[in-house]
Amino acid sequence: MKRLFAFIPLIVLAALVGVFGYFNFHKKTEYQPRELVGQPVPVRALPDLKTAELRDLKTIAATYDKPVVVNIFASWCTPCLAEHPFLLDMKSKGAVIIGIAYKDTPVNSLNYLVKHRDPYAVVISDEPGDMGLDLGISGVPETYLVRPNGVIIDKITGPLDQQQADELMAKINSF
């Protein structure tokens, strides 16, 4: 009987390893919080990268008669560079893209846009990262589709690919 009690800790340990192992191999591979989809964009005035005028996303979105793409990027972000050609293509097809330069100096952001071409109609600077916190981003790049009334329609975490860019264009064109 004493031998049986000696094996109880080993049995409990094996059960815990089994439970943790199961959850480790059956977890979601992507983290894509979408809590703000269907909600209005957070209102926070940020400086325009080119004019230093304070602007907010809701007011910017309201100046257009179709949904706008809001893209959060940074000059130091390699995946942002990978998605850049898709943003340029979307711009050439008529998409209005608003850029948010996240945790980046204005000089570095402007240099990035000069070097790689500017796909944005407006770029606002979020150097301290406060708007990123308001939007609940998990990193850069992230892309939102926002109606003219300021309500978020869709969110894409990570760099855009061709399929996602085409889907965003379809949503814009169906508005």
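**A disulfide, a buried strand and a ring cluster**

The model you are looking at is predicted, so local features need pLDDT of at least 70 and side-chain atom pairs count only at pLDDT 80 or more, while totals for chains, interfaces and linings use all residues. Residues are numbered from 1 along each chain as its sequence is written, and side-chain values use heavy atoms, with hydrogens and water left out.

Back to the cysteines. A disulfide is a covalent bond between the sulfur atoms of two cysteines; here the term is applied to a pair of cysteine sulfur atoms within 2.5 Å. Cys77 and Cys80 meet that rule with an S to S distance of 2.4 Å, and the count by this rule comes to one disulfide. Cys77 has 4% relative accessibility and so counts as buried, as does Cys80 at 2%. Buried stands for under 20% relative accessible area, exposed for over 50% and partly exposed for what lies in between, using a 1.4 Å probe and protein chains only.

Now turn to strand β3, residues 68–73. Helices (H or I, at least four residues) and strands (E, at least two) are DSSP runs, numbered from the N terminus. Six of the six residues of β3 are buried, so the strand is largely enclosed by the rest of the structure. In a regular strand the side chains alternate between the two faces of the sheet. In β3, Val68, Val70 and Ile72 point one way, while Val69, Asn71 and Phe73 point the other way.

Which strands pair with β3? Pairing calls for at least two DSSP bridges between two strands. With β6 (residues 142–146), β3 pairs in the antiparallel sense over five bridges, and there Val68 has Val146 as its bridge partner. With β4 (residues 97–102), β3 runs parallel, again joined by five bridges; Phe73 finds its bridge partner in Ala101.

Next comes helix α4, residues 106–116, whose buried residues are Ser109, Tyr112 and Leu113. These three cover an arc of only 95 degrees around the axis, which puts them on the same side of α4; the arc is that of the directions from the helix axis to the C-beta atoms. Their cover includes β3, α3, β4 and β5 (122–126), where contact means heavy atoms within 4.5 Å. The face of α4 turned away from the buried side carries the exposed residues Val107, Val114 and Lys115. After the helix comes Arg117, with a positive phi near 75 degrees.

What, finally, links Phe73, Tyr112 and Tyr120 into a cluster? The answer is ring pairs. Rings of Phe, Tyr and Trp (its six-membered ring) pair if their centres lie within 6.5 Å; planes under 30 degrees apart count as stacked, over 60 as edge-to-face and the rest as tilted. A search of the whole structure finds two such pairs. Phe73 and Tyr112 are stacked, at 5.7 Å centre to centre and 25 degrees between the planes. Phe73 lies in β3 and Tyr112 in α4, so this pair ties together parts 39 residues apart in sequence. The rings of Phe73 and Tyr120 have centres 4.9 Å apart and planes at 15 degrees, so they are stacked too. That pair links β3 to the loop between α4 and β5, where Tyr120 sits, 47 residues apart. Phe73 is buried at 0% relative accessible area, and Tyr120 counts as buried at 4% relative accessibility.
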